[in-house]
Amino acid sequence: MNLLILESPGKVKKVQSILGSDWKVAASVGHVRDLPERELGIALPDFTPTYIPTERGKDVLKRLAALVKDASAVYLATDPDREGEAIAWHVAEALRLKNPKRVTYSEITASAIQAALKAPRSLDMALVKAQEARRVLDRFCGYLVSGPLSRAAGTRLSAGRVQSPAVRLVVERERAISNFVSVTHYGAELTLEGGWQATWITKPWLQDGQEYLLDKVLAEKAAALRAFVVLDCKESESRTAPPAPFTTSSLQQAASNALKFTPKQTMQLAQKIYEGGHCTYMRTDSPNLSAEAVSEIRAFCESQGWPLVDKPRTWKSKEGAQEAHEAVRPTHIEVEEAGDTPDEQALYRLIRMRTLASQLADAVYDVRTLHLAAALDGKEAVFEAKGRVLRESGWKALTATDSATQDEEAEGDTPDNPVPMLAEGASLTAAGGKVLTKKTKPPTRFSEASLVRELENRGIGRPATFAAIVDTIMQREYVRVEKRFLVPTPVGEQVVDLLTGAFSFLDYEFTRGMEDNLDAIAGGKAAYREVMNKAHAQLVSEVTTFTAKYPGQERKAPEATEFVCDTCGKPLVHMKGQRRDGSGEYDFFSCSDRSCNASYPNVDGKPGEARKKPEATKFKCTCGKPLVRRESAKGPFFGCSGYPGCKKLFQVGEDGRPIIDAKKGGKK
């Protein structure tokens with residue numbers, strides 16, 4: 001019997017059905033080992049990490065060890081990215097596998113899996129070292145900076161190598177909005193016979209250094225003009241190419257625009273579609289498709305009578321892109337519907353439409369541009385009218401309902417405007433005119449999807465981490481959501497103010513450069529120890545300077561009151577303060593013995609009736625202990641019954657079940 005160990009338990013049934021009875025398929029359920037929770041776990045000067053099995057990993061490794069004993073060969077088929085390579089290595093190390101065979105595939109289909117099994121390789125230690133470097137850097141930032149940061153603030157805070165720059169982006173955007181001063185400026189628009197419009201070109205009328213026309217009286221004179229001469233009338237053609245197939249980032253943005261999904265929700269749905277064998281791996285920053293896939297897509301489009309582009313399209317990847325995997329696409333392009341839930345099906349349709357459109361012909365427009373002139377205050381005022389008519393729909397025939405695609409191409413669109421063909425020198429009279437009063441607008445707040453786009457544009461994070469970054473800064477209550485937009489909390493602003501200028505990892509270019517260093521380690525172009533040594537030395541220096549500047553404030557522990565706990569008889573403490581997310585204050589009594597965990601509402605300065613302790617649910621935490629459902633000012637959530645030993649929290653899904661990251665344990 002051959003043993004195939006993959007990452008997610010959701011894939012086991014599908015892959016087992018493909019491989020048959022000669023194989024046993026099992027899952028590592030994400031990571032089985034990690035750095036210890038209550039110590040740094042990194043030995044200097046070589047920066048050697050100490051790994052221990054996670055609570056869940058202990059049981060997983062025990063189960064896998066039993067399967068390994070009966071296996072003639074062990075294949076490691078964890079996800080085809082850095083994180084997956086590291087998980088495969090951890091499994092091999094923990095199980096003491098002597099000759100594991102590493103296989104990867106970007107789609108769960110019989111052909112892809114069989115092809116992978118025919119070409120196994122050894123573990124890619126450069127990829128493993130790159131993931132290890134990321135984990136160690138994150139541990140250093142969290143371990144070395146969070147303590148001094150908390151002491152400086154007088155409250156418990158945490159810093160993150162990538163999360164803190166993400167919070168900074170949200171804080172700086174909010175402050176740019178608050179400091180924005182709107183400018184009122186003017187223009188003029190004419191309406192001519194036939195209902196078409198022409199707009200005054202104001203640029204020649206601007207003063208030196210002016211960006212906008214501020215002279216309302218002049219705009220009123222322009223709007224009052226009626227007699228015009230045609231300067232020129234030109235006809236041209238414009239072509240609009242389809243957007244590229246989805247990368248992780250563009251999929252999250254399109255799903256947000258078209259389907260109102262959060263990045264985290266999008267990745268969970270894409271994971272399910274991938275596990276079902278319906279789409280390729282969803283963590284990628286390559287917009288290009290494999291040659292085989294392009295051939296299949298073009299053949300399908302041709303069979304449908306759709307207009308193909310002459311040559312297969314390719315797209316230029318962003319600088320620093322990791323192109324080990326092709327773009328996200330359906331595994332079987334002819335399948336119109338896939339997925340087990342309406343949300344999965346909607347996301348699959350979005351992926352399929354974008355993939356099909358990518359190999360179709362451009363949309364072609366006939367464009368007519370007309371310039372009119374009239375005298376104004378001794379100068380020539382020029383008005384422009386532009387209109388277009390769709391001549392060949394090309395790919396647009398498929399994507400009329402893809403609002404994500406529409407959003408991407410909206411900027412720079414030529415509006416429908418029935419501009420007639422007129423001869424140069426012809427005279428005409430405007431039917432009416434109006435002044436256009438405009439105001440400059442502040443930048444908009446980030447949505448979760450637009451923050452992902454900003455992170456990608458700045459080279460902060462990678463496809464596998466975008467959704468997790470956004471989710472983390474919200475879980476830590478440094479950022480909250482208001483009407484689908486991100487707003488920094490007072491605590492988030494405090495973190496940014498204290499860290500900015502003091503630590504290099506808050507600098508966007510530094511963070512981008514560190515991501516490049518990790519890529520260099522993955523590509524075998526940089527040494528793990530060299531990168532770690534430089535980063536660690538700089539961080540230690542910055543912590544020393546920061547600690548000297550902020551020696552710290554003593555955080556006062558809540559004082560015991562005269563009241564005692566009904567459960568254990570120990571004194572109660574009065575807990576009062578501002579909620580971390582800025583949503584209000586908390587005010588209650590709690591048992592001074594944290595293992596008791598009893599709490600009481602504040603009723604006129606005295607403890608009221610003890611709050612009923614939440615009962616354990618059937619769901620399990622990633623540490624293996626039962627979860628309890630709790631309520632907060634922000635709504636319900638699941639917390640570990642092992643608190644305070646385990647402080648993990650989980651959001652409540654639409655089905656009422658806890659949402660648990662697949663990398664850390666999957667849905668229980």
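1. Leaving aside residues up to four places away in sequence, E448 touches T262, P263, V470, M474, V481, R484 and L486, where contact means heavy atoms within 4.5 Å. E448 lies in helix α13, residues 448-457; helices (H or I, at least four residues) and strands (E, at least two) are DSSP runs, numbered from the N terminus. E448 is buried yet has no salt bridge, and the nearest side chain of opposite charge, that of R484, is 7.6 Å away. Buried means under 20% relative accessible area, exposed over 50% and partly exposed in between, with a 1.4 Å probe and protein chains only; a salt bridge is a side-chain nitrogen of Lys or Arg within 4 Å of a carboxyl oxygen of Asp or Glu. Lys and Arg count as positive and Asp and Glu as negative, while His and the chain ends are not counted.

2. This is a predicted model, in which local features need pLDDT of at least 70 and side-chain atom pairs count only at pLDDT 80 or more, whereas totals for chains, interfaces and linings use all residues. Residues are numbered from 1 along each chain as its sequence is written, and side-chain values use heavy atoms, with hydrogens and water left out.

3. The structure holds 36 salt bridges. In one of them, the side chains of E107 and R329 meet at 2.7 Å, N to O; this pair links distant parts of the chain, with E107 in the loop between β8 (101-102) and α4 (110-118) and R329 in the loop between α10 (291-303) and α11 (342-357), 222 residues apart. E107 counts as buried because its relative accessibility is 11%, and R329 is likewise buried, with a relative accessible area of 6%.

4. E237 meets R239 in a salt bridge (3.1 Å, N to O), and R391 also forms one with E237, the closest N and O atoms being 2.7 Å apart. The latter pair links distant parts of the chain, R391 being in strand β13 (residues 379-392) and E237 in strand β11 (residues 227-240), 154 residues apart. Salt bridges that share partners join E237, R239, R313, D362, D366, R391 and E392 into one network. E237 is partly exposed at 42% relative accessible area, and R391 counts as partly exposed at 40% relative accessibility.

5. V435 is placed in strand β14 (residues 427-439) and counts as partly exposed because its relative accessibility is 26%. Its C-alpha atom is separated by 9.0 Å from that of L190, 245 residues apart along the chain.
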